[in-house]
Amino acid sequence: PPLHTLLNLYEIEAVAKTQVSKKCYAYYFSAGDDLFSKYYNGSVFRNILLRPRVFVDCTTASTATSLLNGMHSVGTPLYVSPAAMARLAHPDGEAGIARGISRFGAMQLVSNNASQTPEQIVADAAPGAVFGWQLYVQTTRAKSEAMLARINKLRDHYKCIVLTLDAPVPGKRELDEKSNLESQLVVDSASNDKDAAEKRPGGGGVGQQLFWGTAADLTWETALPWIAEHTDLPVVLKGVQTHEDAFLAAQYARKHPGSIRAIILSNHGGRALDTAPPAVHTLLEIRKYCPEVFDIIDVWIDGGIRRGTDVVKALCLGAKAVGVGRAALWGLGAGGWQGVDRTFEILQGEIETCMKLLGAKTISDLGPRFINSRVVERD
Ligand code: FNR
């Protein structure tokens with residue numbers, strides 16, 4: 001069907017399902033164990049109610065904002081989360097995602113396991129586009145150091161290093177593993193550890209194969225000084241799931257100015273630890289126990305975003321930016337870069353409609369007063 005006839009993200013996913021390979025669908029769709037966290041990520045938003053105000057001039061609503069402690073202007077707080085292997089869905093790949101989001105001025109975080117190189121992805125980037133590079137630190141540190149050196153050279157485009165912490169080992173993704181039992185797919189990301197790829201055992205799903213060579217020994221004490229030795233780009237910690245760790249990140253940022261500039265509350269789209277909390281729960285924990293975190297670093301969230309109202313609710317509760325993982329991949333699967341463009345067009349339209357119906361003209365107008373706190377914040 002023509003893309004303009006698809007009216008929401010569910011319809012785009014349904015079309016993508018008919019167009020990508022079974023194995024691609026299984027890999028993208030899959031999550032840990034029983035998929036509880038994956039589904040709860042989405043349903044939790046629907047249990048949060050909004051409080052619209054009336055008699056507000058909302059002829060226009062602007063989604064423009066800035067990220068990384070105000071360092072970079074973007075057209076929208078909606079961004080693309082790092083997700084491996086975009087070319088499984090469509091030859092346009094990660095560069096196609098960049099093209100698809102370009103007219104919205106959205107940020108794109110690129111996966112360590114991208115199917116194109118960091119150079120290829122930014123080759124045709126729109127002027128002013130903001131990218132981040134996600135790193136899975138490799139056991140052989142020299143390999144990650146070489147990657148950081150490449151990203152340092154591309155700093156006109158890549159404005160941060162995203163360190164993913166919620167998946168030191170791969171989650172148990174049975175759908176992915178099952179589809180790989182039927183026919184083994186040989187996966188190779190453009191940037192990952194090629195020697196390790198040759199040595200890794202067969203079996204497991206695509207996810208497990210990609211993880212081969214990834215370090216599981218990172219700590220607060222060792223990882224952050226190591227990264228600071230190899231880049232002065234700001235660091236974003238992805239996969240924070242408790243107020244304790246959010247507080248530690250903010251404390252570190254305060255002690256080491258210019259180090260951590262943001263944290264991403266995320267359970268990896270439910271793909272790591274099943275029954276881990278949705279990002280909104282962690283956001284509420286931070287509001288309750290250590291709200292000063294919001295003043296020190298950006299708090300971004302991802303997981304389960306399917307509607308503009310989901311995005312607006314997260315922003316009202318203190319998130320500075322909101323990411324989509326699968327939605328961007330399904331857009332790509334449904335129609336290459338144009339499918340990503342359509343996905344963002346729909347979400348952006350929904351965000352603006354939601355803001356106007358709430359009585360909010362700008363992103364900075366959004367706040368907890370638009371949320372029915374008796375539902376979401378009852379002690
Ligand atoms: C991911 N995610 C992910 N995260 C990361 O830091 N590095 C990675 O390489 C990947 N790879 C990846 C592949 C696929 C197929 C998916 C679906 C996800 C997690 C991703 O960044 C994000 O946290 C979730 O996708 C957010 O949930 P939704 O939007 O998919 O519900």
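Predicted model: local features only at pLDDT ≥ 70, side-chain atom pairs only at ≥ 80, totals over all residues.
Visitor: Happy to start at the ligand! Which residues come nearest to it?
Guide: A residue is near a molecule if its C-beta atom, placed from the backbone, lies within 6 Å of it. There are 26 residues around the ligand, and those that come nearest are Ser81, Thr164, Gly269, Gly325 and Arg326.

Visitor: Which element gives the largest share of the shell around the ligand?
Guide: Helices (H or I, at least four residues) and strands (E, at least two) are DSSP runs, numbered from the N terminus. The elements that give two or more residues to the shell are α2 (22–29) and α15 (326–358). The largest share is 3 residues, and the element providing it is α15.

Visitor: How many residues of the shell around the ligand are charged?
Guide: Here Asp, Glu, Lys and Arg count as charged; Ala, Val, Leu, Ile, Met, Phe, Trp, Tyr, Cys and Pro as nonpolar; and the others, Gly among them, as polar. The shell holds 9 nonpolar residues and 13 polar ones, while the number of charged residues is 4.

Visitor: Let's turn to helix α11. Where do its buried residues fall, seen down the helix axis?
Guide: A residue is buried if 20 or more other C-beta atoms lie within 10 Å of its own, exposed if 12 or fewer, and partly exposed in between, with C-beta atoms placed from the backbone. In α11 the buried residues are His243, Ala246, Ala249, Ala250 and Ala253. Taking the directions from the helix axis to the C-beta atoms, these buried residues fall within an arc of 120 degrees, so they line one face of the helix.

Visitor: Which exposed residues does the face of α11 turned away from the buried side carry?
Guide: The buried side of α11 has a cover that includes β7 (235–240), β8 (260–265), α12 (279–289) and α13 (293–296). The face turned away from that side carries the exposed residues Glu244 and Lys255.

Visitor: Is Phe247 buried or partly exposed?
Guide: Phe247 lies in helix α11. Leaving aside neighbours within four places in sequence, Phe247 is in contact (C-beta atoms, placed from the backbone, within 7 Å) with Cys290 and Val293. Because Phe247 has 18 C-beta neighbours inside 10 Å, it counts as partly exposed.

Visitor: And in strand β10, which residue is the bridge partner of Trp300?
Guide: Two strands pair if DSSP finds at least two bridges between them. Strand β9 (residues 298–302) runs parallel to β10, with 3 bridges joining them. In β10, the partner of Trp300 is Ala321.

Visitor: Which residue of β10 stands opposite Val80?
Guide: Strand β3 (residues 78–80) and β10 are joined by 3 bridges and run parallel. Both faces of β10 are covered, with Ala321 and Gly323 buried on one side and Val322 and Val324 buried on the other. Opposite Val80 stands Val324.

Visitor: One last thing: is His268 buried or exposed?
Guide: His268 is found in the loop between β8 and α12. Its phi is positive, about 65 degrees, although His268 is not a glycine. Because His268 has 26 C-beta neighbours inside 10 Å, it counts as buried.

Notes: Residues numbered from 1 in each chain as written. Contact = placed C-beta atoms within 7 Å.
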